[in-house]
Amino acid sequence: MSLTAAGVSYNYGRRAGVGPVPALAGVSLHVARGSLAGLLGPNGCGKTTLLKLLAGVLRPAEGQVSLDGQPLQRLSRRAVARRIAVVPQETHPAFDYTALEMVLMGRHPHLGAFALEGPADLAIAAEALEATGTAHLAHRNYMTLSGGEKQRVVIASALAQSPDVLLLDEPTASLDLGYQLDVASLLRRLNRDRGVTMVLATHDLNLAASLCDSLVLLREGRVLADGTTSDVLTAAMVRRLYDVEADVRLHQEAGHLTVVPVGRRP
Amino acid sequence: MSVTDGVARSGPPVAGLALPRASVRTRLLTAVGGFGTLAAAACILAPLLGTTEISLARVFDRSIPFQDNVDAQIFFVARLPRVLAAALVGSTLASAGVVFQAMLRNPLATPFTLGVSAGASLGAMLVIVLGGTLATGALAFGPFTPVAAASLAGAAMAASLVYWLATRRGYAMSTSVLLLAGVTLNSFFSALIMFVQYIADFTQVYRAARWLMGDLDVGGFGALGSALPLVLVAFALFARLPSSLNLLSLGDDAAAARGVDVVRAQRLAFFSASLATSAAVSLAGPIGFVGIVVPHLVRLIVGVDHRVVLPAAALFGAAFLVLCDLVARTLLAPVEIPVGVVTAMIGGPFFLWLLVRRG
């Protein structure tokens, strides 16, 4: 399994007089099987757009995204969803689904048009709830859960898709410190124990440093740098990426790089 | 994880009724069985009740020839078409409501939110008011009366306009544009309807007002037969929708990421629900609140999974409108209350209760 983007560009709809607004221009990247890649960049740099292109939810204007060498465009939505799952920043269902119902919706790409989920699907959903530590929430109304519980249920829903690749868009953005650690350790576990390949877009440099083995840095719709976390995550790169002076050093106790922002570059 | 998990675990076990634990198959069969029985019972019993008492035994007494069997005539000629119209319209509006609510991701949407019924009403008003001056007989289209044909045309025009507005900026539908365009069209068409009524004479105004209140007295099986094919097409399309509706109600991207072809599903939902609404309104006028009261009552009973909600709402909608029309026919007998007034009397307070409850 490998997920590859080759020279991918995307424009958001035309605005009067301005023409198409470029969001991504000629982005190429390669996510190897079993890796946990981070996607970093300032607001509006195209992280979310890139994730949508990788998921096949958006179609690139130029270039192509392929899974094991097969262009996503040639696969049906359903076929792509059987292999690639997405965890968005936030999920707001319009109705009061239970956590279990939310997770079972992950089985959708595996079910026929009129099929209802059977015992095998329920077992997969139960396992996904178990893996994310949310089994006790199965019959709770999703909307009444806390932010961290919701995010773990959504991750369980993505796991129920039995995907090879999990794309996560700032999965810890609205979570407090404890939940951030919970979600991080959950992702690490899923990556190590189940071999789920992950691409994680985040603003949290310390999360990326602790979790990801490689990083892609995006700025203004282009790849600024791409490589292993220890190579790419440097004070110089943080400066170029965010216009921020930062102290980047190895934290002995945590065992990974840490980034402490010092100030805005003048 | 430990602290909050502990809290959640030690919390009270969640109250069961609204949170179904049975498999979706079991819930679907139970709901279809229960609501189906209710709908069938309503359709059989409602024609027996009315200003004149009749007996079921006499209705089906084969020994009396039909032309001498007054009970059978009242049952089959006077009441059954009306009861079946109520069942058809109630079922159609309730399921269209479910589809629009999921597609627009708005539990307070109704089949009339997007202006389809206002367009239909404008079409009907024009024929009712200009009927004397124009050769509107020429408007009769196939099996449809001129008023029904014009209301279908008005509905098609409104739906096309809303669809064009919502897809103008890209090929996926914008639900916010759909809602805004629908609300605007509703006001605009209402103004035109008022204008048309203003230039009409008194009998025309009465007919127009009566049509707008909703009337299930369709006058026989003919009108039913003409609306039925449209409803059947809509229902055949509905059958493909439920699991997509579940996912669409999470948002377009979430649905797409789980394998839904969002553009296709939205189009199918919009087209089928608009067709269903047009057929119901052209048959019986814009009967309000069925499309919101029934879906919500059903959700309170069977949960929110659309694979259960949609068929359950279709069946319960039939029973609900048959019972509302029974009230309309019998409450102040021999005076009839327009059925739209009865559904509004029940639906208005219910709608407010929903708002308060959600708030």
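Guide: This is a predicted model. Start with the domains of chain A. The assignment gives domain 1 as 2–83 + 163–264 and domain 2 as 91–162.

Visitor: How far apart do the C-alpha centres of domain 1 and domain 2 of chain A lie?

Guide: The two centres are 25 Å apart.

Visitor: How many residues of each domain of chain A are in contact with the other?

Guide: Contact here is a C-beta criterion, with a cut-off of 7 Å. By that count, domain 1 of chain A brings 13 residues and domain 2 of chain A brings twelve.

Visitor: Which elements give two or more residues to the domain 1 side?

Guide: On chain A, they are H2 and helix H6 (177–194). H6(A) has the largest share, with five residues. By class, this side of domain 1 has nine nonpolar residues, three charged and one polar.

Visitor: Now the chains. How is the size of an interface often given?

Guide: Often as the accessible area lost when the parts come together. Here we can go by residues. Chain A puts 36 residues into the contact, and chain B puts in 33.

Visitor: Which elements of chain A give two or more residues to the side that touches chain B?

Guide: Helix H2 (77–81) and strand E6 (84–87) of chain A do. The largest share is three residues, from H2(A).

Visitor: And what is the make-up of that side by class?

Guide: Chain A's side facing chain B has 15 nonpolar residues, 13 polar and eight charged. Note that H2 of chain A is listed for the contact with chain B, and H2 is listed for the domain 1 side as well.

Notes
Residues numbered from 1 in each chain as written. Chains lettered and ligands numbered in written order. Predicted model: local features only at pLDDT ≥ 70, side-chain atom pairs only at ≥ 80, totals over all residues. Contact = placed C-beta atoms within 7 Å. Helix = DSSP H or I, 4+ residues; strand = E, 2+ residues; numbered from the N terminus. Nonpolar A, V, L, I, M, F, W, Y, C, P; charged D, E, K, R; others polar. Domains from an automatic or database assignment.
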